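Reader: Here is a model I would like to question. Take me through the labels and the values behind them.

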Amino acid sequence: MRTRKQQLGSRNIVGKTVEERRKALNMKQKDLLTQLQIKGIEINSSGLSKIEGQLRSVNDYELKALSEILDIGVNELLGIEK
């Protein structure tokens, strides 16, 4: 498993949690990409890396799909505590 070389960006607030949750589930990026494609979300590996590195914005429908696939609430992805 490679470690991130670049610092996290500031284009989204969910990327770090997406990466952490994906790794906690022992899921590879290509597995997550496949699940996203099944849900109709077309993202390539570069796009997913940019999301995880917080270098790319995340659309609402992508956020919903990530939440469902990673079995984590949207609020948790967004860092909202209730």
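Author: Begin with lysine 16, which is partly exposed at a relative accessible area of 43%. This is a predicted model, in which local features need pLDDT of at least 70 and side-chain atom pairs count only at pLDDT 80 or more, while totals for chains, interfaces and linings use all residues. Residues are numbered from 1 along each chain as its sequence is written, and side-chain values use heavy atoms, with hydrogens and water left out.

Reader: Why is lysine 16 called partly exposed?

Author: Buried means under 20% relative accessible area, exposed means over 50%, and partly exposed is in between (1.4 Å probe, protein chains only). Lysine 16 has 43%, so it is partly exposed.

Reader: What makes glutamate 20 and lysine 16 a salt bridge?

Author: A salt bridge is a side-chain nitrogen of Lys or Arg within 4 Å of a carboxyl oxygen of Asp or Glu. The closest N and O atoms of glutamate 20 and lysine 16 are 3.8 Å apart, so the pair counts. Both residues lie in helix α1 (residues 15-24), 4 residues apart, about one turn of the helix. Helices are DSSP runs (H or I, at least four residues), numbered from the N terminus. Glutamate 20 is partly exposed, because its relative accessibility is 45%.

Reader: Is glutamate 19 buried or exposed?

Author: Glutamate 19 is buried, because its relative accessible area is 14%. Lysine 23 has 28%, so it is partly exposed.

Reader: What links glutamate 68 to lysine 64?

Author: A salt bridge does, with the closest N and O atoms 2.6 Å apart. The two are 4 residues apart in helix α4, which means a separation of about one helical turn. Glutamate 68 is partly exposed, because its relative accessibility is 40%. Lys39, Lys64 and Glu68 are linked in a network of salt bridges.

Reader: How many salt bridges does the rule give?

Author: The count comes to 6.

Reader: Which residues of α4 are buried?

Author: They are Glu62, Leu63, Ala65, Leu66, Ser67, Ile69 and Leu70. The buried residues of α4 pack against α1, α2 (29-38) and α5.

Reader: What is threonine 17 in contact with?

Author: Contact means heavy atoms within 4.5 Å. Leaving aside neighbours within four places in sequence, threonine 17 is in contact with Ile72, Glu76 and Leu77. Threonine 17 lies in α1. The C-alpha atoms of threonine 17 and leucine 77 are separated by 6.1 Å, although the two are 60 residues apart along the chain. Threonine 17 is partly exposed, because its relative accessible area is 21%.

Reader: Where does aspartate 71 lie?

Author: Aspartate 71 is in the loop between α4 and α5 (74-78). Just after α4, aspartate 71 takes a positive phi of about 55°, although it is not a glycine. Its relative accessibility is 62%, so aspartate 71 counts as exposed.

Reader: Why is glutamine 54 called buried?

Author: Glutamine 54 has 10% relative accessibility, so it counts as buried. Glutamine 54 is found in the loop between α3 (45-52) and α4 (60-70). Glutamine 54 has a positive phi of about 60° and is not a glycine.
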